[in-house]
Structure formats: structure tokens, C-alpha cells
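Please give a short report on this structure for someone who has not seen it before.

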Amino acid sequence: MIVVEGVNKTFNEAQILKNVEAKFHPGKVNMVIGKSGSGKTVLLKSLVGLHKIDSGSITFDGRDFTKMRTKEKIAIRKEVGMLFQGGALFDSSTIEENVIYPLDMFTNFTKAEKLKRANFCLERVNLTGVNKQFPSELSGGMQKRAAIARAIALNPKYLFCDEPNSGLDPQTAIVIDKLIQEITKEYGITTVVNTHDMNSVLAGADSVVFIFEGHSWWHGSRTDLLDSGNPELDDFLFSSELMRRIRPTKQHK
Ligand SMILES: Nc1ncnc2c1ncn2[C@@H]1O[C@H](COP(=O)(O)OP(=O)(O)OP(=O)(O)O)[C@@H](O)[C@H]1O
Ligand SMILES: [Mg+2]
């Protein structure tokens, strides 16, 4: 389990994260939702140590990330898979090289072992026969799958996904969501997904944290989401036409 307690983060005097509290559970898809600019990406980057938080604590199964020395942080980084907003494959490397990259960084596998693991991961995401192709030669959905293959290459305990289905059509988005759910359950991964795709949330969130203007404003299960009675959450949820149709009685404005 990842436990976030009292996390504050300021950039140039603008406080972006305000006393954020959250718990992310193993074997579950833990979703973080909120408006654009609410602080979801800053939170995710803080979780993986890409941002240094001002105060508070982040513990990974009892290990306080914020108090660790570099060596211990590297050990945790090996247990982390990341899927960034916008895909973030290396454009000038082939798909195979992309998936092998974390294995080069963090393992002593032989070349043959690395290739075997890369192929296993590519097969797991249903992406075969594209090893020697470059990301630009694949569709957006295929690129996302390749990025997932890379993210699971090291058999992570923790998987962080920032808007994993942004830019995808609804059906391809569902394929990616399902894949993330399956991998999470299959390997008991503690998965944290940032999204503002309500379809994703209603279909696949095991738990939800709603971030509002940098605060962890509400948390609960997806079944509680529509009846939270929380005005800010309702405003966020029922701002889309689709959601208004699901819940016509909860119309706002
Ligand atoms: N490196 C940075 N330096 C200064 N300000 C930053 C930095 N990163 C993010 N911010 C600010 O933090 C706020 C929250 O940004 P963040 O990217 O976390 O939003 P988000 O919830 O992920 O939005 P979106 O849904 O659009 O991805 C924004 O106001 C942004 O300008
Ligand atoms: Mg973001």
C-alpha cells in the first residue's frame, strides 16, 4: 500500500498540493480524478520522486520515500512502472529497444534474457511483430500498449499511469483500461491512475480520490461516487453531457 500523508508542494510561491492525504491499495486500480490544473500530475510526479515535496510523507509499504537515501530510492524505483501523459516512448528507439531500456538500466540480464522478457511483455499487451518498428510507425493505441509493456518490464509492485487513454478513441481507451485492470489484478500491483475520463472511472476504478484545487477533497469507491453529496465533486462529475444524461436529477447550472 502507498500512503500519502499531509503532502504539500509549492512552485514559485503558488501552493499546488495542499495537505494531500490518500491511500492506494495493492491489486487495485486507484484512480485520481479532478479538473485540469488541479494537481494530479504534480501528485503523481511527487509519488515517484520527480518532484521534491515541501512537507508530508509518502510511504511505499511502510518505507518512507521522502526520508530515503539515494540508494534506497533507486531500489524502490526498480519496483515502479510509469506511464506518462503523452506516451513518452523514445522516438528514435525501436519498440523492442524501448521495452528493453528499463532492463538495461536495472538488471544484469543477458541479452537473450532481456529479449525474452521484452517479448513476454509485448505478448502480454497483445503487441507482436512490431519489435523492429519505431513508435511513429504505430497507432496511438499501439504506442500506449508498447508503453505499458515497457512499464511492466521490471515486474513492478507499483504502477503509475498519467492519463493513460488521453488521445484515444473510446473503444481503444477501453482496451487500454482493461489491460491496466488485468495487469493490476494478475500481478497484485498497486496501480495509481490519473484521469478525467469518467468512462474509465465508472468502468474500472476500485477506489477514487478527487483532487480539488490541490486538496484531496473526497475519496471513496466508484459506487459511492454518484451519490457523494459533495457539491464540488458533483460539479466536476456532472459537467459533461454524458454524465448529465446518466444522472438528470443532479444537473448543475
Ligand atoms: N514544474 C512546475 N513549475 C511550476 N508550476 C507547475 C509545475 N508543474 C505544474 N505546475 C502547476 O501546477 C498546477 C497543477 O498542474 P498539474 O499538471 O498537476 O495538473 P493536472 O491536474 O495534472 O491537470 P491535467 O488534467 O490538465 O493534466 C498547474 O497550475 C501547473 O501550472
Ligand atoms: Mg496532468
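Glu 213 sits in the loop between strand E9 (207–212) and strand E10 (215–220). Strands (E, at least two residues) and helices (H or I, at least four) are DSSP runs, numbered from the N terminus. This is a predicted model, where local features need pLDDT of at least 70, side-chain atom pairs count only at pLDDT 80 or more, and totals for chains, interfaces and linings use all residues. Residues are numbered from 1 along each chain as its sequence is written, and chains are lettered from A and ligands numbered from 1 in the order in which they are written.

Most residues other than glycine have a negative phi. Glu 213 has a positive one. So does Asn 126, in the loop between helix H4 (111–124) and helix H5 (140–151).

| Residue | Phi | C-beta neighbours within 10 Å |
|---|---|---|
| Asn 126 | about 65° | 11 |
| Glu 213 | near 45° | 14 |

Asn 126 counts as exposed, and Glu 213 as partly exposed. The cut-offs are 20 or more other C-beta atoms within 10 Å for buried, 12 or fewer for exposed, and partly exposed in between, with C-beta atoms placed from the backbone.

Now the sheet. Four strands form an open, antiparallel sheet in the order E2-E1-E4-E5. Strand E2 (14–24) and strand E5 (63–64) stand at the edges, each with a single partner strand, so one side of each has no neighbour in the sheet. Two strands pair if DSSP finds at least two bridges between them. Strand E1 (residues 2–11) and E2 share seven bridges. Lys 9 has Leu 17 of E2 as its bridge partner.
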